[in-house]
Number of protein chains: 4
Amino acid sequence: MNAPAGFFASTEPLKYAGPESRDPFSFRWYDKDRVVLGKRMEDHLRFAVAYWHSFTWPGGDPFGGETFLRPWMHGADEMALARAKADVAFELFRILDAPFFAFHDRDIAPEGRSLKESNANVRAIADIFARKMETSKVRLLWGTANLFSNRRFMAGAATNPDPDVFAYAAAQVKTVLEVTHELGGQNYVLWGGREGYETLLNTDLKSELDHMARFLNLVVEHKHKIGFKGTILIEPKPQEPTKHQYDFDVGTVYGLLCRAGLEKEVKLNIEANHATLAGHSFEHEIAMAAALGVFGSIDMNKGDAQSGWDTDQFPTNVEDTALAMYEILRAGGYTTGGTNFDAKVRRQSIEPEDLVIAHAAAMDVCARALLIAADMIEDGALQHAVDERYAGWQTPDARAMLAPGSSLDAIAARVEAAGLDPQPRSGRQERFEALAGSYLR
Amino acid sequence: MNAPAGFFASTEPLKYAGPESRDPFSFRWYDKDRVVLGKRMEDHLRFAVAYWHSFTWPGGDPFGGETFLRPWMHGADEMALARAKADVAFELFRILDAPFFAFHDRDIAPEGRSLKESNANVRAIADIFARKMETSKVRLLWGTANLFSNRRFMAGAATNPDPDVFAYAAAQVKTVLEVTHELGGQNYVLWGGREGYETLLNTDLKSELDHMARFLNLVVEHKHKIGFKGTILIEPKPQEPTKHQYDFDVGTVYGLLCRAGLEKEVKLNIEANHATLAGHSFEHEIAMAAALGVFGSIDMNKGDAQSGWDTDQFPTNVEDTALAMYEILRAGGYTTGGTNFDAKVRRQSIEPEDLVIAHAAAMDVCARALLIAADMIEDGALQHAVDERYAGWQTPDARAMLAPGSSLDAIAARVEAAGLDPQPRSGRQERFEALAGSYLR
Amino acid sequence: MNAPAGFFASTEPLKYAGPESRDPFSFRWYDKDRVVLGKRMEDHLRFAVAYWHSFTWPGGDPFGGETFLRPWMHGADEMALARAKADVAFELFRILDAPFFAFHDRDIAPEGRSLKESNANVRAIADIFARKMETSKVRLLWGTANLFSNRRFMAGAATNPDPDVFAYAAAQVKTVLEVTHELGGQNYVLWGGREGYETLLNTDLKSELDHMARFLNLVVEHKHKIGFKGTILIEPKPQEPTKHQYDFDVGTVYGLLCRAGLEKEVKLNIEANHATLAGHSFEHEIAMAAALGVFGSIDMNKGDAQSGWDTDQFPTNVEDTALAMYEILRAGGYTTGGTNFDAKVRRQSIEPEDLVIAHAAAMDVCARALLIAADMIEDGALQHAVDERYAGWQTPDARAMLAPGSSLDAIAARVEAAGLDPQPRSGRQERFEALAGSYLR
Amino acid sequence: MNAPAGFFASTEPLKYAGPESRDPFSFRWYDKDRVVLGKRMEDHLRFAVAYWHSFTWPGGDPFGGETFLRPWMHGADEMALARAKADVAFELFRILDAPFFAFHDRDIAPEGRSLKESNANVRAIADIFARKMETSKVRLLWGTANLFSNRRFMAGAATNPDPDVFAYAAAQVKTVLEVTHELGGQNYVLWGGREGYETLLNTDLKSELDHMARFLNLVVEHKHKIGFKGTILIEPKPQEPTKHQYDFDVGTVYGLLCRAGLEKEVKLNIEANHATLAGHSFEHEIAMAAALGVFGSIDMNKGDAQSGWDTDQFPTNVEDTALAMYEILRAGGYTTGGTNFDAKVRRQSIEPEDLVIAHAAAMDVCARALLIAADMIEDGALQHAVDERYAGWQTPDARAMLAPGSSLDAIAARVEAAGLDPQPRSGRQERFEALAGSYLR
């Protein structure tokens, strides 16, 4: 195999250079020690690099094969390749000064001839990670098990018609959850890539939902058993690869968690592109999760507004991102969560530097978005205008309606007695939008 | 005003004429007394005509005004017009031999100068309904309150920033719920037409969800207080008129019901076009509601596959409809629910006969779909193939994983001990589809 | 009727106040005399206010009626109302310092009992416009005939199955084209609102396309006959109100123009929201029109990314708008065209001031977008990077392939002789995006 | 490598067994010698099996790899594998009694170390095809060059920024066009898989359109040079793999053909799933191509109504398919075109028999759809109702408006003189739909 040494033309860590800079190998807005709302930018944003997109995906799409030809993708000794890949990965983490990374088990180590061997491979690379992390400041945002790429999972993992696949998946998650725990991971993620169906005709929907709920309970129980203090996160997605994914969106996952008795145990990892594919804005899904008490973390990326699939592009629009950041700040910011770039350079972006530039530009988009969102929070005019709009709900009559003991009869009597004929008041949407826009300095 | 007498060229009730008929004023497949799976077709399908679409909508769209010029839509004496409209409505029910109808309060009677007067108008027309129902066999599938057309509701009803609107809506629902009860209604429906938002920027999402939950509890409490034995139904819709409607889809509504503690009290009225707008197939939403234990009733229509809004067209595709009917039968069929045509003739279909033909053809589509679905059930080959696919879950090892006491540790130990390496089996989607297709005789 | 005097709380024209201002009744970026790329901002942007959305639409939607209750919308003397409406309109033009406005005939004057009377009404109001324009600086960007709202047009105008409707529409366009000419209009627009179909089943597609082509030729011939020097513009839209509109998008309209022999005579008025409904980005449609030589003017607005219909919202996103402005500048800017706000305040925005704020904020969005786009042009780095990417096409071998006389044989021989094995080069998308983003100062 | 002998459990050609059959290895409706509208079913439908989907695609998707593990996909001797694949392919053609097949060059033979070697490989397999076709009745519907899978084409073929890629593609097409000609192919197809862009920012749109037009002219010139009598077909698709494909839909391609001067030389190959992705119904695209005089052939498949990408599923819905068949019959049926199954079994359908069943069921869907469409044509009631709707256009006044010499002035004078006030007539959409539905026996 080719040695990855020299993969990046320069391994100089990127520096903050200020908004006037047009050097793509610098940060224009991400100034990690700058204090915003009393916290360092780095601690607000908690950026993570995703192993899968940046190091494991070869650049293929449904109409064409590999484009990247990364040196660690071709060779006979798969574990040696995996080690080389890890070297490059940690090099990128260092260049970007990224505080976190995230991985699937199959991203980091080759599948073996048996689960036992696969697990051993994962542990071997995890050991390398552990050593690298001793001398690096990068930490693990989350680990997860890939329960969708191997053909054994083609009909699902926890929801597979074959219980042996359920068992296999459970055994695989056990290892990755433990490895995540050992590496100090802040969260463990479940993305139900193939937990869904291709056609209702061949599907026992209720059983699959039951099996999925059971699987999730097994994971939560194991978390407690091993003393993992991180958060278990579910990542909603409406479709793709399957026609229908059970974890459709925040609202749906919340319902399934209630059904499984886990709405206090599990939180959500919300991806921008998954939100838009489900017919929501990204900020909606964050706000909804916050309202339901299950906001956890985000997968930051963007879709293509004209494409009906998961394009996982790096975010580019500061104003859109600011609306998401505003909701995160309103939700109190991250606890164990972070901003994971679940984003990949386009398959035509075959230069190693494209990886660096894409992340740096995206970090800048988020950083500037954070500054705007923080301004919105500090200034308070938006919140004030909202509070004013709902001020009527502070009156005794209003509060009484919400309190136990109120009834349609009592309310109707009051409406008639008072001759209530409420007149509409302007929603002032354009004024709110203009105000929000004014924070983009 | 013009007298509605003679509105329909013929008032002869439509008869079953058999599949060879091409007379659009006959039924080709709907043979109400034909017994299917041990029940009369009429009792299976429980068709309802929707007052709103057929008698109240004037034919306007966002780019043009009224096209229908119904005689009962123009005149000075609004109550006389409402009575004339009722005459025509019951004439159509009779022509179609429809066993049910459904209405919003504002469909049947004009809004007065106060809620008291509006309620009086509703009761006056309801009295006419009651008398007509004495000599007609038509029954009330459900009633509902229109909490979205009047400008007072422009920012929502239960979720309005103004608590007086909440109160007004509550008082309005009280009347319609009671009227529905008095008319022997089988269900009461809540469609949250403007329970949602236009922009997150001016919205207190969590408060609105809380208010909506409280409102729903008030309705359920009142139902029990007055002894209404029908079902309270929520009708999900993802958007339109608002950008985001809280009752997005079945999965989301289930979650909100759990949050309100009402998942045992409230069921769902699922509309085909709302399902597709939410990114689901109609049959999916039915199957999901059944799996979650909240299936209630359906609004039968179809959307336009190329249009991104609620077109509320009459169903035309037998094969698509059969897949929905199959899920309804698998769910055990309707209890209090029915097949309500929440469908409107196109605004260019300005002849009175278009109303008759549209309903008759749609009833035939549903009837034939029912026959196909019943064949699928009776033949059992589809269910058998599904059962076979999941047969592995009947083994002791499989059942043990689902039972309390299992753990990731135990499962992983078994996977390793048994050297489990599950091999994928064909999902046979095309074979299932071919089998399903073969019931279309 | 209520006198519109005092409709706006203040009639003070808005002033440029600079980016730090948060007064919604000022411009933060629109500084009309500021020179950008050698031209005043006002002359670049050529803003127009649309009569329809701001003064004629009552605030209804498919689920609810009027919300605005404008004083000029209710009263017995329709011509007096129309005059009052004109007063308010010109007041808004003055407040906004808008250089242009645009109208449909039915926006400005009531429909009469005959076409003759309707035309007389239009002329009467046009006379008032003419007088007002003598003392105002506002000019007419374009006029157009409303061939879609009246029920006579429910099945189309030029493409109606009834030739009398074609004739009626032709007669109506004649008047509006002449009035537009007389008022010094810079363009005449055709939006084929109902030129399309609801179902192919009842449609003679080819005849309808032929009739539409003939209609368009009649309009162009009349333009020349009366000496109108403005541009005839077609406004593409894929659907809504009809299921399929013939003027689907830029590419489709170009083909229909070629078929009608009019690709040199007619240009396009591109609307942002129509572009996105057709599955394109706004900037794509502008760039495509420019490439095909038919770019004319734009209808500036935005859709809602989660709504499948034409929401006609005021633009809010500077970055998105900058990409459109960049393509306009690359196309050489407007000649007769302009930036028409085909945008309406939300139906909940019922305060008169919402109209002012919405336009002012949108003008600022466009102004800032223009500044960014001008920076991109002046800096030249984007264009330079594109040129570099295509530099190979300047070689003799490359140019020879494009020249007459080349052939597959000759090219294949050269490929074999030279052993051509072209290697891919990075498309550098993220680097281009980062560069584009860097102009957002 | 494994020998493909015995790949299919049975190689017995499928037989017509009639509608009552539920044997998936038989035809229920496809009775090739049955005469419909004076022509054998086989000659109407002209079914083709697509090499790519059935023999070359390994079952991967963006989230998982190969599932099929076909014996001819793994081995060291690529040409031997290609020969084995050809054996299986022709076996399937025989089992299905398919009259046609279709291929890309890279489907049938491995890419060599140079274009010369690749071409030699293609010719070697084509020779095998030629021999097999001597003893088989299967013929070639079309050939095409794969200009999108190899990474050299990642930025397009004819529209690549690198002219050497244009040259390489031209040389590749030359070979495949000639091979297609030699094999007696009825058509040659161009699908512009990567002729489009990922971001406008790095794209010279006008140059790319010019290069594409030149490429197309080169192909047409070569066709004439070598005496190929088949049809050159372009296959529109709106997007995927690229964000925007230039051959967006029928209307757009027609415009580009006009621009290239080729609207008389080139026809269209319309794919169902591409039509729906472009925001059209399949039948619309066929009818539009027929109206524009460019209808050629179809790629029969279906998309998933809830998935925003090209799923290429086998058609299952008879009623939908009948509407497409009706438009094909109205267009006069195929000349050189045919019904190519551009459809793949789902990646979970890993049994060889799934391939057989999927095709057989799809052939039945098309056959039954043909019977319905033929009934519609023979009965004539639909066409009659359409003709009646447009009957007004046969009057002298109507015809005069369409004739040269008419003018807006003359038409307006007539409208005024005659006091024309056309009244709308019902579009009777539901009646048309009911009539169309009645042909589903």
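**Notebook: an annotated site in chain A**

I located A:Glu271 in strand β12 of chain A, residues 266–271; strands here are DSSP runs of E, at least two residues, and helices are runs of H or I, at least four, numbered from the N terminus. I noted that the model is predicted, that local features need pLDDT of at least 70 and side-chain atom pairs 80 or more, while totals for chains, interfaces and linings use all residues. Residues are numbered from 1 along each chain as written, chains are lettered from A and ligands numbered from 1 in written order, and side-chain values use heavy atoms, without hydrogens and water.

I found A:Glu271 buried at 1% relative accessibility (buried: under 20% relative accessible area, 1.4 Å probe, protein chains only).

I then consulted the UniProt annotation "binding site", from an unreviewed entry, which covers A:Glu235, A:Glu271, A:Asp299 and A:Asp342. These residues span 108 residues in sequence, yet no two of their C-alpha atoms are more than 11.6 Å apart, so they gather at one spot. I kept in mind that such annotations may be inferred rather than shown by experiment.

I listed contacts (heavy atoms within 4.5 Å), not counting residues up to four places away in sequence: A:Glu271 touches, among others, A:Glu235, A:Asp299 and A:Asp342.

I placed A:Asp342 in the loop between β14 (339–341) and α12 (352–379) of chain A. A:Asp342 is buried, at 11% relative accessible area. The side chains of A:Asp342 and A:His53 are joined by a polar contact of 3.2 Å (a pair of N or O atoms within 3.5 Å, one able to donate a hydrogen and the other to accept it; residues adjacent in sequence count only if both atoms are side-chain atoms).

Definitions and conventions:
Buried < 20%, exposed > 50% of the residue type's maximum accessible area, 1.4 Å probe, protein only.
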